Amino acid sequence: MAKKNSKKKKSKKSSKKEPTVRIGVVDTMFARYDMGQAACDELAICPGYNKTFKVHSQTVPGFKDLAVAAMNLIERDGCSIVVALGMPGTAPIDKQCAHEAAMGIMQAQLLTATPIIEVFVHEDESTDPKVLASVFENRSRKHARNAYWMLFEPEQLRRRAGQGIRQGFDDAGPLQLK
Amino acid sequence: MAKKNSKKKKSKKSSKKEPTVRIGVVDTMFARYDMGQAACDELAICPGYNKTFKVHSQTVPGFKDLAVAAMNLIERDGCSIVVALGMPGTAPIDKQCAHEAAMGIMQAQLLTATPIIEVFVHEDESTDPKVLASVFENRSRKHARNAYWMLFEPEQLRRRAGQGIRQGFDDAGPLQLK
Amino acid sequence: MAKKNSKKKKSKKSSKKEPTVRIGVVDTMFARYDMGQAACDELAICPGYNKTFKVHSQTVPGFKDLAVAAMNLIERDGCSIVVALGMPGTAPIDKQCAHEAAMGIMQAQLLTATPIIEVFVHEDESTDPKVLASVFENRSRKHARNAYWMLFEPEQLRRRAGQGIRQGFDDAGPLQLK
Amino acid sequence: MAKKNSKKKKSKKSSKKEPTVRIGVVDTMFARYDMGQAACDELAICPGYNKTFKVHSQTVPGFKDLAVAAMNLIERDGCSIVVALGMPGTAPIDKQCAHEAAMGIMQAQLLTATPIIEVFVHEDESTDPKVLASVFENRSRKHARNAYWMLFEPEQLRRRAGQGIRQGFDDAGPLQLK
Amino acid sequence: MAKKNSKKKKSKKSSKKEPTVRIGVVDTMFARYDMGQAACDELAICPGYNKTFKVHSQTVPGFKDLAVAAMNLIERDGCSIVVALGMPGTAPIDKQCAHEAAMGIMQAQLLTATPIIEVFVHEDESTDPKVLASVFENRSRKHARNAYWMLFEPEQLRRRAGQGIRQGFDDAGPLQLK
């Protein structure tokens with residue numbers, strides 16, 4: 001709900017005090033699941049939503065358009081972190097394009113010195129649409145939560161260092177040394 | 001018609017008031033279809049053509065020349081967005097060159113903090129020249145429309161988030177979760 | 001003739017008026033054909049040679065040295081465009097190196113906001129040395145002409161938009177829609 | 001022990017004199033071994049630990065998040081060198097992602113003019129979890145030591161030039177010319 | 001001899017007049033041949049060694065550390081050109097790492113506008129250790145000489161344009177057009 005109604009909510013809050021920290025969410029028309037909505041839904045249940053932080057969201061045509069959009073969410077809109085969500089298709093050329101999109105997101109981070117969490121779900125990660133949908137929902141939400149943690153609760157990440165944490169599927173867990 | 005006659009139209013308008021927003025279009029001699037013309041034709045039927053925005057177009061030798069040309073359309077000519085159109089050929093080396101061209105377009109976006117919509121039609125997307133031509137025309141036009149939306153009607157994109165929107169072929173649609 | 005004798009010609013002209021526009025040409029010791037000479041020969045028969053423009057040329061060891069040399073021809077020597085010529089060899093590692101060289105040329109363009117036309121002839125484009133030599137000569141000359149057009153006659157490029165123009169081999173021509 | 005307790009130690013020391021040289025350590029939740037801890041343990045036994053230098057550590061979700069984190073350890077936290085540790089998984093897409101992560105780490109070095117030592121252990125380097133764990137521990141420690149050497153004892157590196165030094169497995173040694 | 005004793009030699013000279021041009025040499029512990037020494041030996045027999053130019057050398061852990069080291073030899077130590085020497089190993093992952101290292105060296109050149117000659121000897125260029133050693137020695141020396149030529153005798157390069165010059169193995173020579 002967060003994404004579509006974000007304008008109304010913001011105007012209600014602005015009469016009180018405006019949260020100054022902003023988290024960006026950018027997704028695509030190309031993807032076959034509303035990944036941006038899932039990310040926004042997760043952020044909406046994080047502590048301090050619309051109090052200590054608010055969400056800026058945008059939709060672009062395809063995943064190659066994510067990098068510059070994320071950069072502008074940072075530089076123009078003042079976001080402190082961005083969640084960039086997209087779905088590479090199944091053709092070989094899609095893999096190459098995904099690589100180009102990912103390289104752009106990497107460069108945008110370095111040019112802004114700001115984290116942009118890349119959330120890609122590959123269309124061929126499952127042939128079962130139900131499973132695939134759960135991957136979309138789960139990975140989008142978990143990385144939105146990671147973004148929140150990076151800004152507000154870094155100790156959550158430190159505590160899980162080297163634990164084989166995954167998004168979309170089950171955690172791999174740490175290596176069993178026996 | 002738009003591209004070839006753009007100069008005449010501009011001089012007519014300049015007696016009234018010059019549109020300040022500019023959309024860039026850059027295409028190649030290498031492509032086997034006049035992609036730039038298709039993009040210009042679409043922009044010519046967008047609301048506000050030559051009133052709220054005008055089109056700057058340029059042709060370069062091949063797709064590796066698109067990135068710096070797009071950058072100059074932005075930095076030198078003041079375009080707020082650019083549509084960059086090219087056709088990778090069928091040989092393996094063409095795929096590698098397409099990758100290099102695409103990486104250049106990605107970097108040009110980040111160095112200018114301005115969207116450049118990459119419109120590539122691969123020569124091997126269809127063996128039927130009629131089908132291929134329709135892909136050229138349709139994808140060039142749809143991405144030109146996307147560029148217009150990004151500048152003037154971003155809600156058109158947001159409304160289609162996660163809907164499996166395609167250019168050139170039919171939309172894939174959102175996942176059916178059954 | 002142009003390349004080797006460029007110094008003498010320049011000194012003769014300098015008593016009259018020095019052309020201010022400069023076109024750079026950079027080639028390699030690694031290539032098995034004097035591509036730089038071919039490019040210089042073509043530029044020498046373009047209108048305004050040594051009157052409205054002059055040529056700066058340089059030779060580097062291999063194609064990975066082209067990018068920074070082209071950058072310096074632009075930034076240090078004031079060239080408005082550069083033709084960068086090289087020959088990738090036949091081994092798999094040569095393909096990867098060609099990719100790295102090409103990425104460097106791409107980045108050099110974006111960091112200088114100046115076109116650098118990459119002219120690569122792959123050693124395996126023909127097994128017949130005569131054919132290969134003609135590809136070297138033809139592609140080097142045609143891209144040198146393209147560089148001239150980009151600076152002085154951009155309408156030559158625009159007129160050929162989408163016409164399947166090639167360098168080295170015959171033009172592919174536009175798609176026949178039947 | 002170093003990593004988890006670094007805060008307490010720092011506060012104890014700060015009453016005396018604060019070391020001004022900082023070494024950064026950044027690792028991931030994704031890896032299946034606590035590589036950051038291994039690196040911190042090695043640094044804790046280097047001469048001058050918490051006297052002439054101290055360690056800043058951070059954990060990020062995955063290896064694509066290492067580059068910008070390392071950049072911020074340098075630019076924001078004043079680290080003179082960073083050890084960036086991650087584990088590429090076994091799927092083909094993991095290899096591509098590892099490449100993107102590595103390219104980001106490379107670029108972060110060049111944008112900060114500061115060394116970032118990339119320590120990647122590929123999950124498929126061994127099928128035996130015990131062997132793999134020893135690779136994680138050994139490579140993380142050896143590269144942490146390299147980072148220390150680069151800052152404080154560069155002659156240790158010079159002395160080993162061309163000696164086929166490895167991290168994680170046994171040294172390859174110099175070529176036997178007979 | 002040059003590399004290991006460079007400090008003593010410099011102190012002797014400094015009582016007379018210090019050469020102001022500096023050539024950087026950076027190599028690795030990973031390589032199985034002392035490539036940096038070979039490069040330094042060649043530079044030591046170039047005209048003007050320690051009179052018109054001197055050599056700065058450094059050793060880093062692996063070839064991915066070459067790029068930022070070369071950048072610092074240029075920016076911090078004032079080198080006008082750098083020879084960067086490394087040995088990619090035989091595993092597939094080594095090829096990818098070599099690509100990343102090479103891309104870094106390319107970018108370092110463009111960010112400093114200064115040539116860095118990449119000298120890579122792939123461990124699998126020969127199965128005969130004697131042949132491989134000669135490739136290491138020959139290529140390292142020839143590229144060190146190229147670096148000298150680029151600074152002091154560019155006409156040596158121009159004279160060899162398009163002559164199929166190689167380093168490590170025999171020259172390929174120019175194409176025989178018959």
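What we have is a predicted model, in which local features need pLDDT of at least 70 and side-chain atom pairs count only at pLDDT 80 or more, while totals for chains, interfaces and linings use all residues. Residues are numbered from 1 along each chain as its sequence is written, chains are lettered from A and ligands numbered from 1 in the order in which they are written, and side-chain values use heavy atoms, with hydrogens and water left out.

Let me begin with confidence. The mean pLDDT (the predictor's confidence in each residue, from 0 to 100) of chain A is 91, and 90% of its residues reach 70 or more, while the model scores ipTM 0.89 and pTM 0.91. Over residues 4–14 of chain A, however, pLDDT stays under 50. Where pLDDT is low, the predicted coordinates should not be read in detail.

Turning to the fold, chain A holds six helices and four strands, taken as DSSP runs (helices H or I, at least four residues; strands E, at least two) and numbered from the N terminus. Of the 178 residues in chain A, 62% are buried, meaning under 20% relative accessible area with a 1.4 Å probe, protein chains only.

How values were computed: Contact = heavy atoms within 4.5 Å. Buried < 20%, exposed > 50% of the residue type's maximum accessible area, 1.4 Å probe, protein only.
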